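Subject: Structure handover

Hello,

Please find the structure below, followed by notes on what was found in it.

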Amino acid sequence: MVKRKQFDDFYFVKDGKIHTLDEVKERYEKNNGDISYFQGRMRCPECKEAILSFTRKTSRCREYLSKEPSSSHLDNCSYNYDYASKKQIIEYVETMNDNQIKDKLESALNMLMNRDTSTDISINSQAQRDNPLIIKSSNGSNSIQRTIPIKSLSMWLDKEYKGKVFIFYGKVKLKVEPFKDFFKYCFIN
């Protein structure tokens with residue numbers, strides 16, 4: 001049983017681009033809870049098939065996007081699978097050589113950073129079938145598929161993520177300022 005997954009961003013059907021949860025949150029706050037502009041047009045950022053819905057912030061949890069129960073991801077969408085544990089990821093990586101690790105990370109980052117896909121690219125392409133976020137893990141004599149967890153640099157990390165392995169992605173600007181004979185580096189969103 002796949003644990004309910006939350007999304008930091010989504011594919012917006014209206015303009016064919018990836019947008020962030022913060023944009024929905026901002027519209028929710030500005031328009032007294034009216035997010036009709038986004039409603040029904042938010043899709044899984046990976047497969048662009050599963051319909052997502054917004055759940056507002058409560059006293060117990062932050063706002064989030066999740067898949068509507070009546071909607072489905074495409075077969076090889078990484079959101080179909082449970083997250084791999086740190087141990088499973090380490091075991092998987094230990095079976096690979098340096099070039100394979102580099103290729104896997106590069107493929108995953110290319111996929112994550114190039115999700116604003118024009119309509120001429122088929123979502124059932126070879127890249128979709130060879131999803132770099134999905135790994136095979138041993139469960140005794142069985143082989144099961146798991147997903148390497150991902151996290152956008154533009155979103156926060158909750159305490160529950162401490163000690164877990166992620167592929168972080170995002171676009172940032174690096175600003176360098178002189179600071180007492182040293183350089184101070186900071187990320188600017």
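**Cysteines**

Cysteine 61 counts as partly exposed because its relative accessibility is 35% (buried means under 20% relative accessible area, exposed over 50%, partly exposed in between, with a 1.4 Å probe and protein chains only). Cysteine 77, at 0% relative accessibility, counts as buried. The whole structure has 0 disulfides, a disulfide being a pair of cysteine sulfur atoms within 2.5 Å. For cysteine 77, the nearest cysteine sulfur is that of cysteine 44, 3.7 Å away, and cysteine 77 is in no disulfide.

This is a predicted model, in which local features need pLDDT of at least 70 and side-chain atom pairs count only at pLDDT 80 or more, while totals for chains, interfaces and linings use all residues. Residues are numbered from 1 along each chain as its sequence is written, and side-chain values use heavy atoms, with hydrogens and water left out.

**Salt bridges**

There are 4 salt bridges in the structure (a side-chain nitrogen of Lys or Arg within 4 Å of a carboxyl oxygen of Asp or Glu). One of them joins lysine 151 and aspartate 8, at 3.5 Å from N to O. Both lysine 151 and aspartate 8 are buried.

Another salt bridge pairs lysine 30 with glutamate 26, with the closest N and O atoms 3.5 Å apart. Lysine 30 counts as exposed at 62% relative accessibility, whereas glutamate 26 is partly exposed at 45%.

Aspartate 82 and arginine 146 also form a salt bridge, their closest N and O atoms being 3.4 Å apart.

Regards
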